[in-house]
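Q: Can you walk me through this one? I'd like to start with the surface, then look at some packing.

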Amino acid sequence: MVGSSGPGRGDDNVRAGLMRSEPPRLYCGIKRDGKREVGVESQHRYSSRGAVDDVQLLSKLLRRVRLNDEEEMDQFAAVKSPQSSLTVGSAESTAARRAPPPSGVAAVAPAPARAAVVGSFVFGVFGDNPKPASCIASMIDRGDVESKRLFLARRTVLEMLRDRGYSVQEHELARTLPEFRAWWAERPELERLAVTTTLASDQSSKVKVIFCPPEPVKKATVTEIYNGIKEENLSRLILVLQGKIMSQARASLKEIFAFKVETFQITELVVNNTKHVLKPKHVVLTEEEKTKLLKEYNVQDSQLPRMLESDAVARYYGLDKGTVVKVIYDSELTGNHVTYRCIF
């Protein structure tokens, strides 16, 4: 890096950078003493004539850059006295703060609690440790991390079941984190997190969600789960894993169970990815809608754009191979258009 502290030093460094192949870049950094440093950074050989003029112009501009501690502090708000909550830090205010009090006037001790504004955020300063104001502190969760992760994962599971067409009670979706913690503290057992429900359109189609313990899931664990639910006449099972699943255990899921078994890591369910602002809307087509679409465009489902069965959206909706999804894009970046994808 090359600084710009002197008028001649910058020119020498720029001339030395003319033999490099890439144009030098303007950098801005903060030294350990707090002062800002602006200069030209060059790393490779450079000999372009057009860029030489740019470097010379850049060198002239760098001579005019003069930033020091006081100018840096002018960009922030500081506190001057207990009577004023906001004071712009400048050379004059800094000198005034450092000046001794007049004779006969007792020195005023600094206020124990002060406030400073940076941008649109308000911070309370207590001694040397900044603390967030009440509006920000209200958004900080100081409770148990484990209970919050289980709460978020279970809420996403309920939303996923509802979006798949299963019956989900509204009071379960409306449960808040404090309410969940109070309910969970009574008996913190993973069996209480299990969810069993049926399709709203077909009461014979039943699904169950089981939260597994943090220990690795082995083949014996899968066998134990099967023995516990084999009498429930399920059509689908969802396992929420808190640890890894062994390869033999994953293979046994297809061997032991006669229906589809889905597995999700709990970290995948902490956030509902379908609610992201950049995620386009996905609509699963019925068999009638799929047949009408293929007939309208005179194509087969294998000719449609594809979506992997392992895709996050396909896993969220539990889509099987051959299912067609309507994807609706509506944003400034992608524009407003519709496309279709087939799961394979």
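A: Accessible areas here come from the Shrake-Rupley method with a 1.4 Å probe, and for residues only the protein chains shown count as cover. The chain exposes about 22,300 Å², of which carbon and sulfur atoms supply 54%. This is a predicted model: local features need pLDDT of at least 70, side-chain atom pairs count only at pLDDT 80 or more, and totals for chains, interfaces and linings use all residues. Residues are numbered from 1 along each chain as its sequence is written, and side-chain values use heavy atoms, with hydrogens and water left out.

Q: How many helices and strands does the chain have?

A: There are 12 helices and 15 strands, taken as DSSP runs (helices H or I, at least four residues; strands E, at least two) numbered from the N terminus.

Q: Ok, helices. At what angle do the axes of α6 and α8 cross?

A: Roughly 110°, with the axes of α6 (residues 145–163) and α8 (residues 177–186) coming within 10 Å. Axes are lines fitted to C-alpha atoms, for helices over the stretch in contact, and angles run from 0 to 180 degrees between N-to-C directions. The two helices are therefore roughly perpendicular (65 to 115 degrees).

Q: Which residues of α6 and α8 make the contact?

A: Contact means heavy atoms within 4.5 Å. α6 brings Ser147, Lys148, Leu150, Phe151 and Arg154, while α8 brings Leu177, Phe180, Arg181 and Trp184.

Q: Switching topic: is Thr197 buried or exposed?

A: Buried (under 20% relative accessible area; exposed is over 50%), since Thr197 has a relative accessible area of 10%. Thr197 lies in strand β8 (residues 195–198).

Q: And what is Thr197 in contact with, leaving aside neighbours within four places in sequence?

A: Leu161, Tyr166, Ser167, Ser205, Lys206 and Val207.

Methods. Parallel < 35°, antiparallel > 145°, perpendicular 65-115°, else oblique. Buried < 20%, exposed > 50% of the residue type's maximum accessible area, 1.4 Å probe, protein only.
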